[in-house]
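Let's learn to read a ligand site and an aromatic pair. Have the sequence and structure ready.

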Amino acid sequence: MSVHIAAKKGEIAGAVLLPGDPLRAQFIAENFLEDPVQYTSIRNMSGFTGTYQGKRVSVQGTGMGIPSISIYVNELFRDYDVKRAIRIGTAGSIQEGLELRELVIAMSACTDSGANAIRFGGRHFAPTASFNLVKKAYEAAEKRGWKPRVGSVVSSDMFYTEDPDEWKLWAKFGCLALEMESAELYTLAAKYRREALALLTISDSLITHGVTSAEERQTTFTRMMEVALETAVS
Ligand code: HPA
């Protein structure tokens, strides 16, 4: 039993979806999985296991930011033998032409995080998604007539940066969008030799300052969930 999840071995499936918001984990369990059972509620960071198309899938809230997702993903890989972890989240667009509601498949994740600075002692690891999962997710999205954007994202430690133009440096080097967790997920997957992927829908734009409405987020979210679940069980 791990400290922050405290489920029994076997209660968590080999494939886990990772939303940041624990209420979203509950929503997914109740609306997309069959026979969901809650295995943790410590700190209200809910986790559930159910089935999708007859295959076991879990969904675990991670909280926001690298220190929080790091705790949950460390325990999932180390203590529960999770083989495949798929983050489902939102991101802010930093490229013109990457519009609200589009789907981004994060092939790699740059980061300004203290986590990898500490872990690698100033060396620069390249957090990278599982090619197998990138391919599966791309095909699952395309099949539904959705053209995902594939590329690098930025996992930042700071939502409220001191310099409001900081993102422009990353944009100059082709990064697609800002979020706050994927680099840690990919780094831990590399350490434990597991498969990881982040699927992100664009919720806001640092260029146009547009934001999606709650209703738009829901529709987009449902499409992303279908892609995530198919990727998780295939
Ligand atoms: N910045 C960081 N994380 C985010 C954003 C953003 O603009 N949008 C969604 N997650």
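Q: What should I know before I start?
A: This is a predicted model, where local features need pLDDT of at least 70, side-chain atom pairs count only at pLDDT 80 or more, and totals for chains, interfaces and linings use all residues. Residues are numbered from 1 along each chain as its sequence is written, and side-chain values use heavy atoms, with hydrogens and water left out.

Q: Where does Asp204 come in?
A: One of its polar side-chain atoms lies 2.8 Å from a nitrogen atom of the ligand. Gly92 has a polar backbone atom 3.3 Å from a ligand nitrogen atom.

Q: How do I read an aromatic pair?
A: You give the distance of the ring centres and the angle of the planes. Rings of Phe, Tyr and Trp (its six-membered ring) pair if their centres lie within 6.5 Å; planes under 30 degrees apart are stacked, over 60 edge-to-face, the rest tilted. The whole structure has six aromatic pairs. Phe77 and Tyr192 form a tilted one, 6.0 Å centre to centre with 50 degrees between the planes.

Conventions: Polar contact = N/O pair within 3.5 Å; in protein donor to acceptor, adjacent residues only side chain to side chain.
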